[in-house]
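Have the picture open while you read.

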Amino acid sequence: LNNINIIDPFTRWLIRIACLSIILFFGGIILGIPIIISFGKSQLDNSLLSFKEVLKTFIETFLYS
């Protein structure tokens, strides 16, 4: 039998690099989504607290003046 390479070495390296890139991309998404959700939730909580404080100050200003 003849030794025939179906895929040349350059193509094999491109396939390896593509597979590693796909694994890193989706791994980053899987790890990043919970971090983004928790960060967004904390920012929303902080925004609501500061909005409540502004609203409270606004009401106190107009009720007591």
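Here is a short tour of the chain, from overall form to surface.

This is a predicted model, where local features need pLDDT of at least 70, side-chain atom pairs count only at pLDDT 80 or more, and totals for chains, interfaces and linings use all residues. Residues are numbered from 1 along each chain as its sequence is written, and side-chain values use heavy atoms, leaving out hydrogens and water.

The chain has one helix and zero strands (DSSP runs: H or I of at least four residues for helices, E of at least two for strands, numbered from the N terminus). Helix 1 covers residues 9–63, and I59 sits in it.

Some whole-chain values:

| Property | Value |
|---|---|
| C-alpha span along the principal axes | about 100 × 15 × 10 Å |
| Distance between the centres of the positive and negative side chains | 12 Å |

Buried residues (under 20% relative accessible area; exposed is over 50%, partly exposed in between, with a 1.4 Å probe and protein chains only) make up 2% of the 65 residues. I59 counts as partly exposed because its relative accessibility is 42%.

Conventions
Lys and Arg count as positive and Asp and Glu as negative; His and the chain ends are not counted. The place of a charge is taken as NZ of Lys, CZ of Arg, CG of Asp or CD of Glu.
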